[in-house]
Amino acid sequence: METFIWTGLVLAAGALRLPHLGRPPLTVDEGLRAFDATRVAGGDVPQTWRGDLSEAATSYLFRIFGETDLLVRLLPALAGVAMIGLLWLARPYAGRVGTLLAAGLLAFSPMLVIYSRSGTEFSLGTLVAGLIMISLFAYLQNPRSGLAFPLIFGLALAPLTDAVAMLAALAALVFLAVEAVFSSNSDVRHAWQTFRRSPLQWVTALLIVAAALQFGITRFGTSLEGLDLPGLRLFWEMFDMPRDSRPPEYQFALLLAYDWPILLGGTAGFAFVAVKFLRQRRKTTAFERFLLLWTLAAAFALALTTRREAGQLLMLLLPLGLLAGRLAEEIAARADWAATCRWWPAGAAVAAAAAAAAVLMTKWSSGNADTTERLTFLAAVVIGVALVALVAMRARAGAMPAVAVVVALAATVFVAHSSLAVAFSGGTEFAVDLRLAPRADQLRETVDKLARERGGTIVVDSDLSDELGWTLRDSPVVFGGPTNRASAVVSRPNANPAGFVAREEVWRVAEGWYPDEVLAPRRMWRWALYREPYSDVNALDVRIFVRTI
């Protein structure tokens, strides 16, 4: 049965990540990275080339199969599915129930689904982070050469991947140092002695590290720019000054909007493991202590980040999901199921109150609720909270499963709706910033037609290279440069270059939105339900100017 459930979970993760990969338009960031990969595949290395694992691998795919939107996202999607399957190997450390719950939360996590279906710089790090975590504890449990290789490989690959993998590697190294020096962990000492006495293992480590340095120098064979580890550079760039203009609660709002089940379960799991560590340190496992350290490191990095991006949250989602699994494992082991069964009326009342609140909130968010419905909504929330508190106070051991079941039902409905929406809906998500609009392809067709009809050079404003470079990669255009011999110019609608007349049509080539009120419960509820922006859409419009005859 366990194998059957895991198989279904991996298939569900694939069903969310793999179908229709090329259908949604690329985001501006995806387009920029894809355009750089295209130019590198053609032998030209742009100044913006990073050469991290995802970008370099995409460039090689372009050389073999050609340039398509599907190939931009293929590797991240496969990595997202592989990461869920990889968690199967964490069962000896997180427990069967805990690992299964963590894998379920991460398989349906809207944020992970978004970044598994996008070719951004945060798309492969979660898989590398999972490899480091699992191979680390597998090696500590049985320090043999076959397990040393994936651990060393993961640690060496992290500085070449992205910030998510880099943080996991740093957390693993700090954990080993702390456990060896302060905790006197016998497993760590034994593993270190075994590694030091095995020439095969440390020679393998030296060869892998040397290969990683070589790949860092050559950007996986795409360019030669001196020693520069792209994953490490992406990590440090998060703290560049000056700060961006996004509000401090940006990351927290994203967690509430997209991944509150992982936030709630992971925070509860962190509190449980932290209290256990402070009271009975010896009873905590090394895996639990590593999760505490990993979560604290990720939260600390996010708090200090000056250049905020939605993908940075992936540093926190994996450890939070595993902490939620640890809590679920404890609840399943300690629950008094007989007492829980006696409290089923309270659970049914909580579920009914939550359902009523959801229905009333939906009416309220659509503008159809009057004062009576608002008061009823507040009453439903108060009744639900009061019942949960009553069960927790009176039932104790039997309460946690009842509360967990109610929360699990709400979380299941949320993640099913949200993960399907971010995977297949045409709605605009504020976690992905600007996305290319379908009109961008129509603009390309028009530009190609103008080039055939009018001849000459078509100049595109250099400020639009990030947004239109990928779309116009095969079109006869030049980004920037003099316009004195150009037959047409593509620029902002109000540019009005001398000697050219504007066409009436304005092309919306990209759009995105960011909430003007980050924490606005009613408006966020409306967005979560209908996937409609609740603030002004940030749009990029362009116009074609043709030379006057």
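Author: A cavity is a set of grid points where a 1.4 Å probe fits but cannot get out. In this predicted model, a search of the whole structure turns up 3 cavities of 30 Å³ or more.

Reader: How much space lies in the largest cavity?

Author: The largest cavity holds about 80 Å³ of space.

Reader: What makes a residue part of the lining, and which helices supply at least two residues of the lining of the largest cavity?

Author: A lining residue has an atom within 4 Å of a cavity point. For the largest cavity, α4 (69–86), α7 (110–116) and α8 (125–141) each bring at least two such residues. The most come from α4, with 4 residues. Among the lining residues are P76, M83, Y115, F122 and L314.

Reader: How do the residues of that lining divide by class?

Author: The lining of the largest cavity has 8 nonpolar residues, 4 polar and no charged.

Reader: Which residues of α15 and α16 meet?

Author: From α15 come F270, V273, A274, K276 and F277, and they meet E288, R289, L292, T295 and L296 of α16. By class, this contact has 6 nonpolar, 1 polar and 3 charged residues.

Key. Residues are numbered from 1 along each chain as its sequence is written. This is a predicted model: local features need pLDDT of at least 70, side-chain atom pairs count only at pLDDT 80 or more; totals for chains, interfaces and linings use all residues. Side-chain values use heavy atoms; hydrogens and water are left out. Contact means heavy atoms within 4.5 Å. Ala, Val, Leu, Ile, Met, Phe, Trp, Tyr, Cys and Pro count as nonpolar, Asp, Glu, Lys and Arg as charged, and the others, Gly among them, as polar. On a 1 Å grid over the protein atoms alone, a cavity is a set of points where a 1.4 Å probe fits but cannot get out, and a pocket is an open set with protein on both sides within 12 Å along at least five of seven lines; lining residues have an atom within 4 Å of a point. Grid points are joined across faces, edges and corners, and a volume is the space filled by probe spheres set on the points.
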